Each structure stands twice: as structure tokens, then as C-alpha cells.
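Here are my notes on this model, point by point. Please read them with the structure open.

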Amino acid sequence: MIFLQLFYTFFLIGLFGFGGGYGMLSLIQNETVHVHGWLSTAEFTNIVAISQMTPGPVGINSATYCGYTAVNNAGYGMMMSTLGSAVATFALVLPSFIMMIVIARMFMKYMNTPTVQHIFLGLRPGVVGLLAAATLMLLDKENFSSWAENPWQFSISVALFVATFVGTYWLHINPIRMIGYAAFAGLVLLY
Amino acid sequence: MSSYSLLFTTFFKIGAFTLGGGYAMLPIIEEDVVDKYHWIKKEEFIDYVAVAQSCPGVFAINLATFVGYKLKGKKGALCTTLGSALPSFLIILAIAMFLHHIMEWHWVEAMFRGIRPAVVALIAAPTFTLAKSAHITLSNCWIPIASALLIWGLHVNPIWIIIATGLGGYVYGKYLINE
């Protein structure tokens, strides 16, 4: 049952995930955290962090990780959990695979038609909204703690958020290096 | 020309050694496919990138499937797709197996307490980069704002936003744009 759910969920994500890895994040988050409860917000953020630090696309990484964790949390062993991650990854890749072959065979010439361009006129701003939503949904207690609960951790979290934003957006510091700095800050200040 | 095993190993290497997700892979795929092996002409490659970007799904996988299919048909597509997905799959599987135990170590937990807010910023930053490249202006900025608020505030499924904005663009372009 959980395998069918994983397949269906990640197939949908693959089918509707416009805008590359980041554009997909709000879809993945919505399905895995809010709809199915396979992951907590903190776990989801950890996966994004790990995806940044390991090679490969974020989409594949989250599918593989979610597949494993979801089956494992349902009480199955290592073999079944591995199968879960294979199912999720396969389901995510399948729509791309079919669609790209179909397009390569016959629709290449339709990609530049006004109709397709018009659809993207609406879709592109929509994907920006999806990405903004992914950010908003991650601004929560699990990732930042809260002023009432732990003012020290909350202040450090906000400072790290601002520093990373400024560092990557304006100063163009490598994201992996920024994660390294944040990990060090966490180790020293939040142990 | 390209053999199946060469296709597989080329994309396996690309999948295994590129940090930072799909777009970081792009120049490396281009180097191998266009400059090194001369499988595809540069102009053709740019077309493939445009199509892979417009389609839903993982960008790197889309591009890999496309290149594989163009070179060696369905089997070629299978080789390139498997090749580019397999390294991440294996690495993350290994991490998933052991992360639960590792996360129980206090110093790892502390590190991730610092990492998580930083990662949220890493997702916030490309929102603005993407807004620039999607030509968001005062006249259409309501679309991303409304989409984000619907998903975040009212828990609307992002899939509906994708469908609605695509349909909206189609209707707008077909019936309103000439006036």
C-alpha cells in the first residue's frame, strides 16, 4: 500500500514539477510533509541541506530519501525501505522519461509555437510563487525555534538566515561553503 | 560514435561529480557531449536545453533522456537516464540508511540546527533570481504573490497553481493579448 502511495505521489511530482529542482520543492514538501506526513519540516530541510552537499539533482535526492524514510517509519526493514526509495525515484523519473521521448520524436517543432509560449507566460510567474511558498513554509519553529521557546537559538537562526541570504545572493559565495559556515556556527553556538 | 556503455558511463560520471543540482551539471554535460565527443552540435544542444527546461521533471534527467534518445533511441535514453540518476540514488540511499543514527549524535544535531536556517535562505535567494529571469514586473507580480499566499496561507495544492497559471497564460495569450 505504501509503495503504491509513494509511486503515485512521486509520479505526480514528476509530472507537475515545473521549474527545475527548486521549483519542485514546494510540491515535494506539500506531498511528503503536509499530505502524507512522511517527513517533518525539519527532516525535509535536512534533506535539502544534504542535497546541496551531495552530487545530483535535488528532486532525485528527495525522492530517494523520502522513499526510504517513509517505508522505514512505517515499520519495515532495510530491504523494504531500499525498495521504497527505488520505487519513489523510478516514479519521479518516469514522466520525464516518457515525455522527453515523445517530444524528441514528434513535438520538438511545437515547442516554439505561440500556444506553448502563452502557457509559459502564466506558468513562469506561477513557479516563482511556488518557490516563494516553499520558503514561507520553511520559516517555522522546527527550523528556527521560536522567541518564546529559545530566544538564543531563534536569534542565531535569524542571523544565519540573513547572513546566508546576503552571502549567496549579493556576495555570490558558494552555497556549499555557506552551509559549511552555518554548520560551524551551529556547532559552536547551538551545541 | 557512441556506444551504450559509453553513454552510461559519461552520464554516470556527470551525475556523480556535479555538486549543486541540475543547473550545475549543464556546463559539464555540454563539455562532454558537445566538445569532447562531438555527439551533438552546439546549436542543437541549446535547443535541447530549452526543451528540457520547459518540461516538468528533474532538469538534468530531462536533458539526459533527450540526449540519449537522440543518439541511440529508447535504449540510449535508458542508459543516459539510469546513468545520471544512479549516483545520487546510491549516495542518498547510503545516507538515508545511516542518518537516523548519526542524527542522534549531539554535535551533528547542533550542526544541523545551524544549517537549517541557512538552507531556508538558500531556497529564498533563487526565488528572487527566478523572479528576475521570469520577467516579473509591477503588472504581473500579483501572480507569484497570490500563488505563494494560496499555497502557504490556504494550503492550496501547488499542482492546482501550476494548472491554473498555465491555463491562465493560455487564455490570456489566446484571447486578450492582441487587444
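1. The centres of domain 1 and domain 2 of chain B, taken over C-alpha atoms, are 29 Å apart. Domain 1 of chain B covers 4-102, and domain 2 covers 125-176. These bounds come from an automatic or database domain assignment.

2. The model is predicted: local features need pLDDT of at least 70, side-chain atom pairs count only at pLDDT 80 or more, and totals for chains, interfaces and linings use all residues. Residues are numbered from 1 along each chain as its sequence is written, chains are lettered from A and ligands numbered from 1 in the order in which they are written, and side-chain values use heavy atoms, with hydrogens and water left out.

3. Over all chains there are three salt bridges (a side-chain nitrogen of Lys or Arg within 4 Å of a carboxyl oxygen of Asp or Glu).

4. B:E30 pairs with B:K42 in a salt bridge, with the closest N and O atoms 2.5 Å apart. B:E30 sits in helix α2 (residues 22-36) of chain B and B:K42 in helix α3 (residues 42-54), so the bridge ties together parts twelve residues apart in sequence. Helices here are DSSP runs (H or I, at least four residues), numbered from the N terminus. B:E30 is buried at 19% relative accessibility; B:K42 is partly exposed at 41%. Buried means under 20% relative accessible area, exposed over 50%, partly exposed in between (1.4 Å probe, protein chains only).

5. B:R113 and B:E109 form a salt bridge at 3.5 Å, N to O. Both lie in helix α5 (residues 106-133) of chain B, four residues apart, about one turn of the helix. B:E109 is partly exposed, at 31%.

6. In chain A, A:K141 and A:E149 form a salt bridge at 3.7 Å, N to O. A:K141 is exposed at 51%, and A:E149 is exposed at 54%.

Methods: Helices (H or I, at least four residues) and strands (E, at least two) are DSSP runs, numbered from the N terminus.
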